[in-house]
Amino acid sequence: MLKVLRMEEPTEDPGQKTDQAQFEALISAVAVQRDKSAFETLFVRFGPRIKGMMLGSGASQDLAEDLMQEVMLTVWRKAALYAPERGTVSTWIFTIARNARIDRLRRQPVQPYVDVETVSIASDAPSAEAEMITGQRGELVREALQRLPKEQRDVIELAFNQYMPQSEIARKLDLPIGTVKSRTRLAYKKLKENLEDLR
Amino acid sequence: MSIHHHLDAASLMRYAAGDLDPAFAVVVASHLAMCDECRQAVRVAEAVGGACLSDMPEAALSDGSFTRLSRMIDADTGSNDEHPAAPPPPANDPAADVPLPLSSLVGKSLDELQWRLVVPGVYRHRIELADTRSSLFMLKIGPGRKMPEHGHGGTEMTLILRGSYRDAIGRFARGDIADLDEHVEHQPVVDSDDPCICLVATEEPTRFKGIVSRLMQPLVGI
């Protein structure tokens, strides 16, 4: 029964690949032509999801809306910096949302994430291999996430969907922090194996 | 640069999710600035965030949300952010003394730091950060100096910036990070000819005094 189901399911979801290709084209239109209707399409797709993440992390309606707008404004401003070889459009927008949230929580003189990005832009040569992987990485990671044992997936989803700190995850799931760490480690290892299978 | 000791996968994931305390974020980012391998690894962890965002349920936006943003964008034209300047040259200079994420806190040269003697052969430079419950500081430890064996009161991360030390885990040199759980016990001995300079983040600031006083007792006796 399982086998039959699997055969019916395409191993790569063509819809998702099209999504990434479509998002890339939209980002490029925003970067090069400053195309507002392309930007609106991205806004319609990502805005409600970004806001959902912010709400999940405990932000009020107003704050979540405000952060979402800030994130999308950054997408507009920095579209030219998007580099497909470093990840999907979703991943790029996720990192912008993460950084915006951290900046809002704590006003710091340091910007570790921005600095690492600067180093990355200056030092990491794009490779054909990396580009080949990224086209499919989005779908692959989603698939790999679905295949994780539930106990690992729960930890990952709380950390990434709700920005829940490790200590709170431990409290919520009534686990020692060490167990939360080891589940996170196992999940990462599994995801990495899945991505490497592609090479 | 050949780096032998990398970030723990759990730390990579916490960094990607944005769950690191500012003190630890600075140490992790400083290692990432020096380590191509861990920068690649962070991309995998960040891709998890991308996948989660793709699958996120949609929240209702406020009325006129796009119109408001659209107005901001119109007011934004002429902003220099549209074509960001090229990164400054030191950013991609692996030989730069101080990694970029640390340089806004301590400047660009390790030779210009102000050190305070803690015990003979051991100097400390404190780094003040707001909104942290952890401590961030640099240590300069003389050649041949041995630290008494200690466990950690909490998580501790040590990034080597100059010189090297050896402990039960191995040899740590420039760029290497010791990303240790609280239960790990170790006894580092500086084995370079010059002093070893490292950047350290520890949980719970009060613990540090404990470690230092434990450090001091045997060393002062020497």
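Visitor: Which residue in S8(B) is the bridge partner of B:Arg166?

Guide: B:Val189 is the bridge partner of B:Arg166. In S8(B), B:Tyr165 has B:Val190 as its bridge partner. A word on the ground rules. The model is predicted: local features need pLDDT of at least 70, side-chain atom pairs count only at pLDDT 80 or more, and totals for chains, interfaces and linings use all residues. Residues are numbered from 1 along each chain as its sequence is written, chains are lettered from A and ligands numbered from 1 in the order in which they are written, and side-chain values use heavy atoms, without hydrogens and water.

Visitor: How many bridges join S5(B) to S8(B)?

Guide: First the general idea. Strands (E, at least two residues) and helices (H or I, at least four) are DSSP runs, numbered from the N terminus. Two strands pair if DSSP finds at least two bridges between them. Now the case. Strand S5 of chain B covers residues 164-167, and two bridges join S5(B) to S8(B) in an antiparallel pairing.

Visitor: How many bridges join S5(B) to S6(B)?

Guide: Four bridges join S5(B) to S6(B), and the two run antiparallel. Within S6(B), B:Ala173 stands opposite B:Ser164. S5(B) and S6(B) form a hairpin, with two residues between them.

Visitor: In what order do the strands of the sheet in chain B stand?

Guide: The order is S6-S5-S8 in an open, antiparallel sheet of three strands. Strand S6 (170-173) and strand S8 (189-190) of chain B are at the edges, with a single partner strand each, so one side of each lacks a neighbour in the sheet.

Visitor: Now the domains. Into which domains is chain B divided?

Guide: Domain bounds come from an automatic or database domain assignment. In chain B, domain 1 is 9-81 and domain 2 is 100-220. Contact means heavy atoms within 4.5 Å. By that rule, 13 residues of domain 1 of chain B touch 26 residues of domain 2 of chain B.

Visitor: What area do domain 1 of chain B and domain 2 of chain B bury between them?

Guide: The size of an interface is often given as the accessible area lost when the parts come together. Buried area is that loss (1.4 Å probe), summed over both parts. Domain 1 of chain B and domain 2 of chain B bury about 1,400 Å², with 78% of it on carbon and sulfur atoms. On the domain 1 side, B:Phe24, B:Val27 and B:Met34 lose the most area to domain 2, together 40% of what that side buries.

Visitor: How many salt bridges does the rule find across that interface of chain B?

Guide: A salt bridge is a side-chain nitrogen of Lys or Arg within 4 Å of a carboxyl oxygen of Asp or Glu. Between domain 1 and domain 2 of chain B, the rule finds zero. A polar contact is a pair of N or O atoms within 3.5 Å; within protein, one must be able to donate a hydrogen and the other to accept it, and residues adjacent in sequence count only if both atoms are side-chain atoms. Here four residue pairs are in polar contact, both residues at pLDDT 80 or more. Helix H2 (residues 22-34) of chain B gives the largest share of the domain 1 side, 11 residues.

Visitor: How many residues do chain B and chain A bring to their contact?

Guide: Chain B brings 69 residues and chain A brings 67. The area buried between chain B and chain A is about 6,400 Å², and carbon and sulfur atoms give 63% of it. In chain B, B:Arg43, B:Leu53 and B:Phe66 lose the most area to chain A, together 11% of what that side buries.

Visitor: How many salt bridges does the rule find across the interface of chain B and chain A?

Guide: Seven. B:Asp8 and A:Arg185 meet through their side chains in a salt bridge (2.8 Å, N to O). Across the interface of chain B and chain A, 21 residue pairs are in polar contact, both at pLDDT 80 or more. H3(B) supplies the largest share of the side of chain B that touches chain A, with 15 residues.

Visitor: How far apart are the C-alpha centres of domain 1 of chain A and domain 2 of chain A?

Guide: In chain A, domain 1 is 18-107 and domain 2 is 128-198. Their C-alpha centres lie 22 Å apart. Domain 1 of chain A puts 14 residues into the contact, and domain 2 of chain A puts in nine. About 910 Å² is buried between domain 1 and domain 2 of chain A, 63% of it from carbon and sulfur atoms. The count of salt bridges between these domains of chain A is zero.

Methods: Buried area = accessible area lost by both parts, 1.4 Å probe.
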